[in-house]
Amino acid sequence: MSRYAKNSGAVFALKYHLVWCPKYRRSVLVDGVAKRLDQLIREVANEFEMTVHAMEIMPDHVHLFVESDPRWCVAEIVNRFKGRSSRILRSEFPVLRSRLPTLWSRSYYAGTVGHVSEESVRRYIENQTGK
């Protein structure tokens with residue numbers, strides 16, 4: 001597997017660590033809900049040509065290590081996962097509708113994961129002067 005991916009206009013390595021929680025951080029991501037959430041996340045990733053490198057569904061939060069191309073910004077990636085999973089899980093598991101006004105809290109964590117350190121990028125850009 002290559003270190004970089006390509007599309008018709010770009011070469012990239014865009015990997016994100018994403019974390020989000022159910023509303024009120026309720027421990028509702030268990031048993032069948034967790035299993036179905038795993039399937040839904042993989043379906044969305046496949047549909048939008050993203051690669052899931054790692055995923056951990058805890059009872060009160062989700063960790064996802066995903067790679068995407070530049071067509072999708074981080075907010076859109078998270079909204080795709082949260083939006084579809086909320087709609088489908090709440091329709092398939094009525095207990096989620098009765099316990100929560102919405103499945104997910106509005107917030108999330110997003111961090112980039114890369115091959116090059118911040119210091120290396122700074123040095124590279126500073127050394128471009130005069131070239």
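The questions and answers below concern a predicted model.

User: In what order do the four strands of the open sheet lie?
Analyst: The strands of this open sheet are paired in the antiparallel sense. Strand 4 (51–58) and strand 6 (109–113) are its edge strands, each pairing on one side only. On average, neighbouring strands are turned by 15° against each other, direction ignored. The order is 4-5-3-6.

User: How many bridges join strand 3 to strand 6?
Analyst: Strand 3 covers residues 14–20 and runs antiparallel to strand 6. Tyr16 stands opposite Thr112 of strand 6, and the bridge partner of Val19 in that strand is Tyr109. The number of bridges joining strand 3 to strand 6 is five.

User: Which residue of strand 5 stands opposite His17?
Analyst: Strand 3 pairs with strand 5 in the antiparallel sense, over seven bridges. Within strand 5, the residue opposite His17 is Phe65.

User: At about what angle does helix 2 run to strand 3?
Analyst: Helix 1 (residues 31–47) lies across strand 3, strand 4 and strand 5 (61–68), and runs at about 160° to strand 4. Helix 2 (residues 74–92) packs on the sheet and touches strand 3, strand 5 and strand 6. The direction of helix 2 makes with that of strand 3 an angle of about 50°.

User: Is strand 3 largely enclosed by the rest of the structure or largely open, and how many of its seven residues are buried?
Analyst: A residue is buried if its relative accessible area is under 20%. Trp20, with a relative accessible area of 1%, is buried. Strand 3 is largely enclosed by the rest of the structure, because the number of its seven residues that are buried is five.

User: Why does the pair of Trp20 and Phe81 tie together parts that are apart in sequence, and how many residues apart are they?
Analyst: Trp20 and Phe81 form a stacked aromatic pair, 6.2 Å centre to centre with 10° between the planes. Trp20 belongs to strand 3 and Phe81 to helix 2, so the pair joins parts whose separation in sequence is 61 residues.

User: Is the pair of Trp20 and Trp104 stacked or edge-to-face?
Analyst: Planes over 60 degrees apart count as edge-to-face. The ring centres of Trp20 and Trp104 are 5.9 Å apart and their planes stand at 85°. Trp104 lies in the loop between helix 3 (94–99) and strand 6, 84 residues from Trp20. The pair is therefore edge-to-face.

User: Which residues form one aromatic cluster?
Analyst: The structure holds three aromatic pairs. Phe81 is buried, with a relative accessible area of 1%, and both Trp20 and Trp104 are buried. The cluster consists of Trp20, Phe81 and Trp104.

User: What separates Asp38 and Arg42 in helix 1?
Analyst: The side chains of Asp38 and Arg42 meet in a salt bridge (2.9 Å, N to O). Asp38 is partly exposed at 24% relative accessibility, and Arg42 is partly exposed at 41%. Because they are four residues apart in helix 1, the separation is about one helical turn.

User: Which residue forms a salt bridge with Arg71?
Analyst: The closest N and O atoms of this pair are 2.7 Å apart. Arg71 is in the loop between strand 5 and helix 2, and its partner is 22 residues away in the loop between helix 1 and strand 4.

Definitions and conventions. Residues numbered from 1 in each chain as written. Predicted model: local features only at pLDDT ≥ 70, side-chain atom pairs only at ≥ 80, totals over all residues. Heavy atoms only, no water. Pairing = 2+ DSSP bridges. Helix = DSSP H or I, 4+ residues; strand = E, 2+ residues; numbered from the N terminus. Axes fitted to C-alpha atoms, helices over the stretch in contact; angles between N-to-C directions. Contact = heavy atoms within 4.5 Å. Phe/Tyr/Trp six-rings, centres within 6.5 Å; stacked < 30°, edge-to-face > 60°. Buried < 20%, exposed > 50% of the residue type's maximum accessible area, 1.4 Å probe, protein only. Salt bridge = Lys/Arg side-chain N within 4 Å of Asp/Glu carboxyl O.
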